Amino acid sequence: MSKSSSSVTLGIIFGNWATLVGVGILVVFLVLSALAAWPVTYHLIARYSPDALNFGSSNAPPSLAHLFGTDAEGRDIFARVIAALPIDIVIPFEVVGASVGIGFLLGTFAGYLGGWVEELVLRVADLFFAFPSVVLALTISAILGATDEGLRVVFTELALIVVGWPFYTRLARAQVISLKQMPFVRAAEASGLGKLRIIRMHVIPHLASVVAVYATLDMGTTLLLYSVFAFFGLGVAPPTPELGRMVYDGLTALPGNWWWSFFPGLILMILALGFSLAGEGLRDVFDPRLRGQR
Amino acid sequence: MGLATYVARRALFSFFVIIGELLIIFYLTNIAAPDPAVIWAGPESTKAQVALVAQMYHLNSPWYVQFYYYMVNVFSGNWGISPLYQQPVISLIEEYLPVTLELTIIAFVFKIGLEMTLGVVSAMRPNGAVDNLIKVTYTTVRSAPPFLVALGLLLLFSYGTHTFPSSQPIDPILGATVPKFQFYNPIAGKVTGFWLVDNMPILNALLVGDWAAFSSAVSHAVLPVVTLILFGFGGIVRLVKVSMLEVLDQDYVRTARAKGLRENVVIFRHALRNSLLPAFTLIGLVFAGLVTGSLVVETIYGYYGLGYYVAESLLTFDTPSLIGTLILITVVIILSNLVVDIGYGFLDPRTRVGY
């Protein structure tokens, strides 16, 4: 008898050091950001408050007291990075979650129902897919958020969803088209089940794993993309710290105070690496064709 | 489907995409925005300026009248006046577009060449030491946000070793003295004003034969180009590797080997061309990625091109500039996608089916 599928899954996750590193990074960062979200637990990690000005120790290089150094106003950069984590992790979850929700449902129905529904959904998705997404999203967010600083992050997320959903529509539709021909779906149809019920009970469960893989990979991309928006001031309103914006602020201090930009950027990179390694590990589990040949 | 039908359908679709984008922009600026006149006049403008702009752009008329003037303006190149620079957007684009275009094209050529080579190399011995090294490198590099790569290179090679300059497309003193390229026209004599060429710092210096300016422009472009190459690095490597492995598994490759051909001939003459084909589908995406990357790269290196211009407009909410550049970038990317798709449909008839 062959090994059970869950033990194969675990084998791939633990047998592959890259996946293990990815999952490890994500676990560490999720724990850190969960702790950082509440003031009480936040102080378990960081010694200083993210907004505490201290002009006596401004522009201090990295040291034991200030792991990542301080910025021009003497704020501890490590404290600000920790305080920024919950926001920078939650936003990709929200954006990818909404894109998956919209794109996945549209794609599933389009693929299963076929006909004019499919044609319409696909053409609209193609239209959005053909846009230079980042510039479009930047413009949406800048036009709508020009007057209201507090709403900017909402518009940025909306813009990222607008350009994000078509990918999942295409993905889900392509999968459904081949699923539709499978014997078990034909059998369900033959036994007289309703379309909605077939989609819900027989189609969606088969898509979930593939979509989960691409969503994990997409999380890293969205994190980086959002950091570009934050870099240009289209993220959360100051003084709330944010990694992308900290990089931009730190540019003013170059070449002397390099740590101000460098550490927030480095943290973004490690986090994105976590998503991409974990996502590729998941892909090996769920898409055996590509196993070991990336 | 015949090639002509395919090209026609593809071109029609591209046209609709551009119209769709114009509709979205119109909706955003003239209907969804809380105060359309402020969008066009700039956030710092006075009440009188806003009123003037509202009148100029017919913003107090019903939406269909606004739409008419909007479309007329878009197609006649009347893209508004930048509140930040106090100049027509279209003339700013004339100045900034060629700089970025030059940078992007150089980065594009090197990126495609490098990634394809690495893809082929890693397919030679999958999971060997070289393959793993390449894999680790690109997985790490593509996880870096673009500004981190730019920052790292800047700190190392500009502020650290002083090998390359830290800002501007060309040394400002040289840049002020280098003449504009004159296009030789047998009837009218020498003609300037060929903006797409004479605003490209490297090409212009090369064409007028100013070697000091040329070497200055090249050394200013090195770090931005390297950053752009590293931005999103690895997509093509992976695709070429997978398709090379597939091709190497084909019967005709086995036949070639069975004939006793040397491995080099098998790979370069028989397998390579077919395995590079799928990479062309990514070219449009790569180009779009470079445009995005240029926003960040040009901001950090102070390289005054279109990306820098867009970034400045974002930071100051200079909406007319943003919209003008968005329209331009959309058209450029969609046209380049169209060219790629037509080329691909020509090379591989199977892809014509989708349209």
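A crossing of two helices is left-handed if the near helix is turned anticlockwise from the far one by less than a right angle, and right-handed if clockwise. The crossing of H11(B) and H15(B) is right-handed. Helices here are DSSP runs of H or I with at least four residues, numbered from the N terminus.

This is a predicted model: local features need pLDDT of at least 70, side-chain atom pairs count only at pLDDT 80 or more, and totals for chains, interfaces and linings use all residues. Residues are numbered from 1 along each chain as its sequence is written, with chains lettered from A and ligands numbered from 1 in the order in which they are written.

The axes of H11(B) (211-230) and H15(B) (283-301) come within 10 Å and cross at roughly 140 degrees. Axes are lines fitted to C-alpha atoms over the stretch in contact, with angles from 0 to 180 degrees between N-to-C directions. Contact means C-beta atoms, placed from the backbone, within 7 Å. Leu223(B) and Pro224(B) are among the H11(B) residues that meet H15(B).

Chain A brings 39 residues to its contact with chain B, and chain B brings 44. H11(A) gives the most on the chain A side, with 10 residues.

Nonpolar covers Ala, Val, Leu, Ile, Met, Phe, Trp, Tyr, Cys and Pro; charged covers Asp, Glu, Lys and Arg; the others, Gly among them, are polar.

| Contact residues | Nonpolar | Polar | Charged |
|---|---|---|---|
| H11(B) with H15(B) | 6 residues | 3 residues | 1 residue |
| Chain A side touching chain B | 28 residues | 10 residues | 1 residue |

Val211(A) touches Val100(A), Phe104(A), Tyr168(A), Leu171(A) and Ala172(A), not counting residues up to four places away in sequence.

Terms used
Helices (H or I, at least four residues) and strands (E, at least two) are DSSP runs, numbered from the N terminus. Two residues are in contact if their C-beta atoms, placed from the backbone, lie within 7 Å.
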